[in-house]
Amino acid sequence: MVQVARLDILIYAHDGRGLGHASRSIGVGMALRRLFPELKVLFVSGCSLSQELIGAAPLDWLKLPSYETKVDCGKSIGIPGKSMFTDEQLGQLRAKELAHLVSLYKPRLVLVDHTPQGKHKELIPALFAGKGNETLWVLGVRGVVGAVKQARSELAGNLFKDHYHALLWYGDSSVLGTSHCEQLQQQYEIPPVECGYVLRLAEFDFWNRRSFAKGESVAGTISIPWFGEKTMDFLIVLAGVLKKISPSFGRWLLFVDTKQSADVGRKIEKLFKEIHHCQLEPPGINYVSTLLHSKTAVIYGGYNSLMDIVYAKIPAVVILRAMQDEEQQIHLQKLKDVAGGTLSTVSETQVLAEELERLLLSNLQRNKLPFVSLNINGAARAAEHLQGLLS
């Protein structure tokens, strides 16, 4: 009987509201393919936009049925996904599927994003399935952990102690301070490896740069990764502002999934229909090209979106949602201190049209400015550490 070759690295990211978990994990995966092309690497997630995040990079991936969430009073609540399984049912099914994948591919190493147990504890059966194969499990955590009770739970600490081999931190202590690393060390009882920020866009650009070398200069990129309770209210204000900004600055491209909800999609299309210098685009590969040729951007404050702005080196207006864990507010305040004035913030629930117009007009007339004193080598550093664990 021919022995099937083992997978070298399986990368897992849970899916939910935004793209941060998948984006960071894909960034590390693309760095592994760039730096260590001989390694067998596979990404697994329920994130429906994974292929758009990967682009032309030679990173293969497996799609799990997706979770869906809605936000109620600043708190995420699970709802039936497109497969129409409940959150609980989907967690049970995905747990069995992930355990099967680990048993089948026998990965030498599994990189997990965010929590040791995975979303809805779906990684627990896989952790035990990998025991007989001597699989190394590694946890990667974003710069600001936030008040995520699953990450701070006793279960998370015990699972890490029993199954995990290493801890990676995708942050920069010179910007964020040492408290986050200290919190992680207290929770998991080992010092984290400080990797730096993971810029998925930098790795994406490496594999796709021929596609983005040329392009028209546009006024701005607007990215709406997911809809919250007050997102439509913000878009109404934004539409009014864009009507007043001269088309001479160039086009605005609004990246939003209008097909996610037919009713919401119709409202957005009606709202921006008469603004001829604003074009609606589905999330996809055009986002990168547009952002890299924009004068400014309007984004929400997630890790992935902020790192895109760091790489593009353009001024941005960052919209802050009222979420209970306050991870974005904490992170953004630290980044603003080293951003050289390139980041401005407005509240999604309290934004004033006059303030937004002033910020956008100011940004349209600014030059690109690099972020200073920011470690942006997180993807490569993480890839090198993972390769070192295997060797």
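Is Arg 24 buried or exposed, and what is its relative accessibility? At 3%, Arg 24 counts as buried, because the cut-off for that class is under 20% relative accessible area. Please keep in mind that this is a predicted model.

My topic today is salt bridges. In general, side chains of opposite charge can pair when their charged atoms come close. A search of the whole structure finds eight such bridges, and I shall discuss some of them.

I begin with the partner of Arg 24. The side chain of Arg 24 meets that of Asp 113 in a salt bridge, at 3.2 Å from N to O. Arg 24 belongs to helix α1 and Asp 113 to strand β6, residues 109–113, so the pair ties together parts that are 89 residues apart in sequence. Asp 113 is also buried, with a relative accessible area of 2%.

The second pair is Arg 94 and Asp 15, whose side chains form a salt bridge at 2.8 Å, N to O. Arg 94 sits in helix α3, residues 87–105, while Asp 15 sits in the loop between β1 and α1; the pair therefore ties together parts 79 residues apart in sequence. Both Arg 94 and Asp 15 are buried. These two residues and Glu 122 are linked in a network of salt bridges.

Lys 244 in helix α9 and Glu 357 in helix α14 are 113 residues apart, and the pair links distant parts of the chain. Here, Lys 244 is exposed, with a relative accessible area of 57%, whereas Glu 357, at 17%, counts as buried.

How values were computed
Residues are numbered from 1 along each chain as its sequence is written. This is a predicted model: local features need pLDDT of at least 70, side-chain atom pairs count only at pLDDT 80 or more; totals for chains, interfaces and linings use all residues. Side-chain values use heavy atoms; hydrogens and water are left out. A salt bridge is a side-chain nitrogen of Lys or Arg within 4 Å of a carboxyl oxygen of Asp or Glu. Helices (H or I, at least four residues) and strands (E, at least two) are DSSP runs, numbered from the N terminus. Buried means under 20% relative accessible area, exposed over 50%, partly exposed in between (1.4 Å probe, protein chains only).
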